[in-house]
Amino acid sequence: MNLNNIKKIAVFTSGGDAPGMNAATRAVVRTSIYRGLEVCGILRGYEGMINGDFISLTKDKVGNIIHRGGTVLKTARSDEFRTPEGRAKAFAQLQKHGIDACIAIGGNGTYTGAKYLSEEHDIPMIGIPGTIDNDIYGTDYTIGFDTAINTAIEAVDRIRDTADSHNRLFFIEVMGRHSGYIALHTGIGSGAGNVLMPENQITVKELMDGLESRDRKKLFNLIIVAEGNPNGDAAEIAAQVKKDYKDYDVKVTVIGHLQRGGSPTCHDRVLASRLGYEAVEALLKGQNRVAVGVVNDKINYCPFEDAITKSKKPGSEMIEMAKILAM
Ligand code: F6P
């Protein structure tokens, strides 16, 4: 594909929705129109690409969505697209609709699909990092992370009130299958007693020894647990504590999908607007198979290959700091 011949592009969201995806879609559409490109949306990610669910987008159609959570383009996780046959069907639909290039908003799975489709069928693809998990290499922040952690700390603040009133030990589970970013930021932002996550693996004994050895005995405690904590989720950890430490009044709260919804924060709206704009610019500058991101407040292009294979983890100094501040 000659990148100078790009006249019509498609944008879609894929994988788990994240607050701010709509702001990114709006920015892609309006920048494309400003640059003289035709733009259409694909509904339900790669599933919709295979099924030919394409809609034409105008600047008006993306009005009144910047503040909305979820994704107006809908999203899905597609098993069929993981196969070469599925991707061939998807490409046939792109050709049928005259699409010259695509912008994919999502996480690692979305980038993996975009990379394969682009390599197998020679179609330019640009990625925009949209996931609450913040675990994508090549950008300091992903769209949706800031909203998710603000939702989580609001929930933890409320739990703090009741935990304090009853002198209870709460285990609060937050999202993040493979990554502790949400847990760590929620823990620091809510002043929690400890954070259990893939990057801070401690046993129940170590956790409880830590709580009991403090010179300032706390009458209540809030422990944040990432859903991907290798030593057990919040319910499993709480069950062990109940069995071995009978003096504690233990409770569990799973914040769950509450973290995925809601109106995006200003940080997420600005990030999404910036990345949506830059994704179109990247395409027009001849970039291909890269994800746009922001590193040290500068726009960064990260090859899909790196974004998919390299890992991004919270820094050990942040983890250490969280422990010190919880004394
Ligand atoms: O990747 C985003 C995320 O919200 C993870 O934190 C979580 O593990 C997963 O998606 C949940 O996925 P689903 O909504 O399909 O259950």
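## Helix contact and selected residues in a predicted model

Helix H1 passes helix H9 in a right-handed crossing. The model described here is predicted.

**The contact of H1 with H9**

The residues that make this contact can be named on both sides. Helix H1 contributes Ala-23, Ala-24, Ala-27, Val-28, Thr-31 and Ser-32. Helix H9 contributes Arg-269, Ala-272, Ser-273, Gly-276, Tyr-277, Val-280 and Glu-281. As for geometry, H1 spans residues 21–34 and H9 spans residues 266–284. The axes of the two helices come within 7 Å and cross at roughly 35°.

**Asp-146, an acidic residue in helix H5**

Asp-146 belongs to helix H5, which covers residues 145–166. Is Asp-146 buried or exposed? Asp-146 is buried, yet it has no salt bridge. The nearest side chain of opposite charge is that of Arg-269, at 9.3 Å. A salt bridge requires a side-chain nitrogen of Lys or Arg within 4 Å of a carboxyl oxygen of Asp or Glu. Arg-269 is also one of the H9 residues in the contact with H1. When residues up to four places away in sequence are not counted, Asp-146 touches Thr-265, His-267 and Asp-268.

Arg-44 and Asp-297 are treated together here. Arg-44 has a positive phi although it is not a glycine, and Asp-297 likewise has a positive value in a residue other than glycine. The table sets out their phi angles and relative accessible areas.

| Residue | Phi | Relative accessible area |
|---|---|---|
| Arg-44 | about 60° | 40%, partly exposed |
| Asp-297 | near 65° | 55%, exposed |

Where is Arg-44 found? Arg-44 is in the loop between strand E2 (38–42) and helix H2 (45–51). Asp-297 is found in the loop between strand E10 (290–295) and strand E11 (298–303). Asp-297 counts as exposed because its relative accessible area is 55%, and the limit for that class is over 50%. Arg-44, at 40%, is partly exposed.

**Glu-236 in helix H8**

Glu-236 lies in helix H8, which is formed by residues 234–244. Its relative accessibility of 44% places Glu-236 among residues that count as partly exposed. Along the chain, Glu-236 and Asp-247 are 11 residues apart. How far are the C-alpha atoms of Glu-236 and Asp-247 separated, and what is the value in Å? The separation of these two C-alpha atoms is 18 Å.

Technical notes. Residues numbered from 1 in each chain as written. Predicted model: local features only at pLDDT ≥ 70, side-chain atom pairs only at ≥ 80, totals over all residues. Heavy atoms only, no water. Axes fitted to C-alpha atoms, helices over the stretch in contact; angles between N-to-C directions. Helix = DSSP H or I, 4+ residues; strand = E, 2+ residues; numbered from the N terminus. Left-handed = near helix turned anticlockwise from the far one by under 90°. Contact = heavy atoms within 4.5 Å. Buried < 20%, exposed > 50% of the residue type's maximum accessible area, 1.4 Å probe, protein only. Lys, Arg positive; Asp, Glu negative; His and termini not counted.
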